[in-house]
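The sequence and the model come first, followed by notes grouped by topic.

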Amino acid sequence: MNNYETVFILNPVLSDEQIKETVKKYEDFLVSKGAEMVAKEDWGLRKLAYAIQHKKSGFYHLFEFKAPGEAIEPLELEFRRDERMMRYLTVKLDKHAVAWAEKRRKRNKEKA
């Protein structure tokens with residue numbers, strides 16, 4: 001099991017209900033592929049650095065999870081097929097990135 005982090009941007013015209021439904025869909029998809037969710041973060045509506053599909057903002061979400069390597073390709077295939085998805089990036093975390101992510105989560109928890 002490797003550690004991964006996926007950040008994805010959803011279309012800003014979606015309702016709150018559609019966003020929750022989409023996030024839940026991908027979370028369930030990962031779990032069905034044998035992944036263990038470590039953390040989820042909703043970064044909310046953010047302005048984009050450049051227009052994507054003629055949109056200037058998007059809803060950002062972060063998943064941090066442990067999964068076998070075979071789970072990533074089907075996940076990204078689903079991302080490519082979904083018209084609600086504007087961009088995504090999946091990164092395999094090394095031990096230093098995992099430690100940094102834990103520190104970030106702890107710091108965010110203290111702020112809340």
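Apart from its neighbours within four places in sequence, R84 is in contact with I9, L10, N11, L14, E21, T22 and K25. The model is a predicted one.

- R84 sits in the loop that runs between α2 and β4.
- With a relative accessibility of 17%, R84 counts as buried, because the cut-off for buried is under 20%.
- The side chain of R84 makes a polar contact of 3.1 Å with the side chain of T22.

**Nonpolar cores**

- In soluble globular proteins, nonpolar side chains tend to be buried together.
- The largest nonpolar core here has 19 residues, and the members that touch the most others are F8, L10, F63, F65 and L75.
- At least two residues of this core come from each of β1, α1 (16–32), β3 and α2 (72–81).
- The element that gives the most to this core is α1, with five residues.
- L75 is in contact with T6, Y26, F29, L30 and F65, leaving aside its neighbours within four places in sequence.
- There is also a second, separate core of five residues, and I9, L48, Y60 and M86 are among them.

**Helix α2**

- The buried residues in α2 are I72, L75, E76 and F79.
- Viewed down the axis of α2, these buried residues fall within an arc of 95°, so they line one face of the helix.
- They pack against β1, α1, β3 and β4.

**Helix α3**

- Helix α3 covers residues 95–111, which is 17 residues; at 1.5 Å a residue it should span 24 Å, and the 25 Å between its end C-alpha atoms agrees with this.
- V98, A101 and R104 are buried in α3.
- Seen down the axis of α3, the buried residues lie within an arc of 120°, so they line one face of the helix.
- The partners against which the buried residues of α3 pack are β1 (2–10), β2 (36–52), β3 (55–67) and β4 (85–93).
- On the face of α3 turned away from its buried side are the exposed residues K95, H96, K103, K106 and E110.

**Salt bridges**

- The structure contains eleven salt bridges.
- One of them joins the side chains of R104 and E5, at 3.5 Å from N to O.
- This pair links distant parts of the chain, since R104 is in helix α3 and E5 is in strand β1, 99 residues apart.
- R104 counts as buried at 8% relative accessibility, and E5 counts as buried at 17%.
- R104 also meets E41 in a salt bridge between side chains, at 3.0 Å from N to O.
- R104 lies in helix α3 and E41 in strand β2, so this pair ties together parts that are 63 residues apart in sequence.
- Both R104 and E41 are buried.
- A network of salt bridges links E5, E41, E64, R104 and R105.
- K24 and D28 form another salt bridge, with the closest N and O atoms 3.0 Å apart.
- K24 and D28 are separated by about one helical turn, because they are four residues apart in helix α1.
- K24 is partly exposed, with a relative accessible area of 44%, and D28 is partly exposed at 39%.

Technical notes:
Residues are numbered from 1 along each chain as its sequence is written. This is a predicted model: local features need pLDDT of at least 70, side-chain atom pairs count only at pLDDT 80 or more; totals for chains, interfaces and linings use all residues. Side-chain values use heavy atoms; hydrogens and water are left out. The expected span of a helix is 1.5 Å times one less than its number of residues. Buried means under 20% relative accessible area, exposed over 50%, partly exposed in between (1.4 Å probe, protein chains only). The arc is that of the directions from the helix axis to the C-beta atoms. Contact means heavy atoms within 4.5 Å. A nonpolar core is a set of buried Ala, Val, Leu, Ile, Met, Phe, Trp, Tyr and Cys residues joined through side-chain atoms within 4.5 Å. A polar contact is a pair of N or O atoms within 3.5 Å; within protein, one must be able to donate a hydrogen and the other to accept it, and residues adjacent in sequence count only if both atoms are side-chain atoms. A salt bridge is a side-chain nitrogen of Lys or Arg within 4 Å of a carboxyl oxygen of Asp or Glu.
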